[in-house]
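Please read the points below beside the sequence and the model. They are meant for a colleague who is meeting this structure for the first time.

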Amino acid sequence: MSYTTMWSYTWDLIEDGTDETIRRLRQDVGLEAISVATSYHTYEMLCCHRPGRKFLWAPESAVYFRPQTALYAETPIKPHLSPLARERDSLREVGDRCLAHGLKLVSWTVCLHNSHLATTYPDHAQSSAFGDVYLHALCPSSPAVRTYMIALARDLTTNYPIAAVELESLNFQGYGQSHYHGKYGLRFGPIESFLLSLCFCRHCSARAQARGIDASRLQESARQTFNQFCETDTPVNQSLDDYVRSQPELDAYVQLRADTVSSFVRELKAAIATPVYYLFMGDYYIGGIRYGEIAGIADRVEILTYTASPDRVRDGIASTLAHGIRPDQIVAGFQAYYPASPDQATLVHTTQAAFDQGVRGFSFYNYGIMPKKNLDWVNAAIEGIRA
Ligand SMILES: [Zn+2]
């Protein structure tokens with residue numbers, strides 16, 4: 001039996017009529033769950049279901065539910081409410097209708113990619129080798145960040161009928177995924193991107209010190225290499241693997257980063273009774289994500305297969321399986337609209353390709369972004385993987 005869900009936003013579900021929309025997603029489209037954004041980054045969205053004004057802007061990362069403030073007493077970081085959540089408790093309304101129609105509610109939780117909180121609490125944001133504070137990225141090494149995220153997961157699973165918590169960006173964020181339009185004039189190679197993504201905040205440095213790693217020496221080395229790149233515009237001519245492995249202290253620092261992420265997922269999972277799904281976005285070197293280890297902690301792991309090509313879907317799944325992950329633990333994400341899905345047949349073929357690889361989890365992107373007629377395509381895809 002396959003698990004099927006659709007990423008969605010409370011505002012779209014409510015504007016289209018919560019009760020009828022939830023009924024339709026369950027009964028007509030055939031979904032088992034919906035994954036609703038509860039903590040989300042900034043966006044500009046074209047709301048194609050709306051008859052009137054078409055755009056919605058969220059200039060600040062925010063939460064879309066009513067937090068129980070006492071749960072955040074142990075951390076200086078407090079949740080920032082979206083104006084949409086101030087007007088009404090839309091997650092409550094959606095959750096009630098989900099219960100009524102037998103649709104599971106999954107919390108789609110964007111974790112550390114949060115420009116509002118990183119800007120408000122720069123002492124808990126990632127910091128480059130040069131001391132630049134990354135205002136889009138909370139650092140997973142910060143105890144306050146860890147306490148905040150665990151409080152948020154507890155809050156959601158205690159106060160709302162959440163069937164699973166889906167974690168997006170619970171890892172180090174790389175340079176280049178910012179809040180702003182990036183401007184640069186250099187020929188980046190993988191090593192330069194990696195060096196600029198390493199965090200040397202005081203929390204990372206403290207963790208390094210506890211493990212006998214001299215973070216200040218690594219920081220100075222990263223600065224020197226990157227400054228040379230700024231002068232020459234010539235990337236280091238070496239694979240990232242070789243570059244890291246040839247420097248034992250750097251290698252140890254990279255391992256520490258991955259340990260920091262894995263232990264964070266483990267602590268969060270242990271703090272709640274609800275299943276945890278982890279969305280893989282990023283890699284080992286920049287994100288600190290050990291795929292196999294995370295799969296051993298989380299109940300499901302998710303990958304994005306936004307492509308019209310069944311072969312590329314198969315490749316994406318094969319590279320995930322190569323980490324020793326079981327196919328039935330994977331949720332594959334499909335963009336149910338152009339260009340990944342220009343028509344119904346393409347979506348049916350790509351989902352079928354994943355099913356044939358043994359994948360039993362399917363998530364469709366995204367209720368309010370896709371034209372309403374594409375819900376029929378999703379239904380056809382679900383019928384196909386049931387057959
Ligand atoms: Zn840090």
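**Notes on helix packing, strands and local backbone**

1. Helix α15 (residues 344–356) packs with helix α16 (residues 374–386) at an angle of about 35 degrees, and their axes are 9 Å apart. The axes are lines fitted to C-alpha atoms, for helices over the stretch in contact, and the angles run from 0 to 180 degrees between N-to-C directions. Helices (H or I, at least four residues) and strands (E, at least two) are DSSP runs, numbered from the N terminus. This is a predicted model, in which local features need pLDDT of at least 70 and side-chain atom pairs count only at pLDDT 80 or more, while totals for chains, interfaces and linings use all residues. Residues are numbered from 1 along each chain as its sequence is written.

2. The crossing of α15 and α16 is right-handed (a crossing is left-handed if the near helix is turned anticlockwise from the far one by less than a right angle, and right-handed if clockwise). On the α15 side the contact consists of Gln344, Leu347, Val348, Thr351, Gln352 and Phe355, which meet Trp377, Ala380, Ala381, Gly384 and Ile385 in α16; two residues are in contact if their C-beta atoms, placed from the backbone, lie within 7 Å. By class, this contact of α15 with α16 has 7 nonpolar, 4 polar and no charged residues, where Ala, Val, Leu, Ile, Met, Phe, Trp, Tyr, Cys and Pro count as nonpolar, Asp, Glu, Lys and Arg as charged, and the others, Gly among them, as polar.

3. Helix α6 (residues 143–159) and helix α11 (residues 248–271) cross at roughly 35 degrees, with axes that come within 9 Å, and their crossing is right-handed. Arg146, Met149, Ile150, Ala153 and Arg154 in α6 meet Phe264, Glu267, Leu268 and Ala271 in α11. The residues of this contact divide into 6 nonpolar, no polar and 3 charged.

4. Helix α7 (residues 190–197) packs with helix α9 (residues 215–232) at an angle of about 130 degrees, with their axes 10 Å apart. The two helices α7 and α9 are therefore oblique to each other (angles under 35 degrees count as roughly parallel, over 145 as roughly antiparallel, 65 to 115 as roughly perpendicular and the rest as oblique). The crossing in which α7 passes α9 is left-handed. Glu192, Leu195 and Leu196 in α7 meet Ala222, Thr225, Phe226 and Phe229 in α9, and the residues of this contact divide into 5 nonpolar, 1 polar and 1 charged.

5. How is strand β1 (residues 3–8) placed in the structure? Of its 6 residues, 5 are buried, so β1 is largely enclosed by the rest of the structure; a residue is buried if 20 or more other C-beta atoms lie within 10 Å of its own, exposed if 12 or fewer, and partly exposed in between, with C-beta atoms placed from the backbone. Strand β1 pairs in the parallel sense with strand β13 (residues 361–365) over 4 bridges, and Met6 stands opposite Phe364 in β13; two strands pair if DSSP finds at least two bridges between them. Strand β2 (residues 33–40) also runs parallel to β1, joined by 2 bridges, and Ser35 in β2 is the bridge partner of Trp7.

6. The peptide bond from Tyr338 to Pro339 is cis, with omega near 5 degrees, and Pro339 is placed in the loop between β12 (330–335) and α15. The peptide bond from Tyr365 to Asn366 is also cis, with omega near -5 degrees, and Asn366 is in the loop between β13 and α16.
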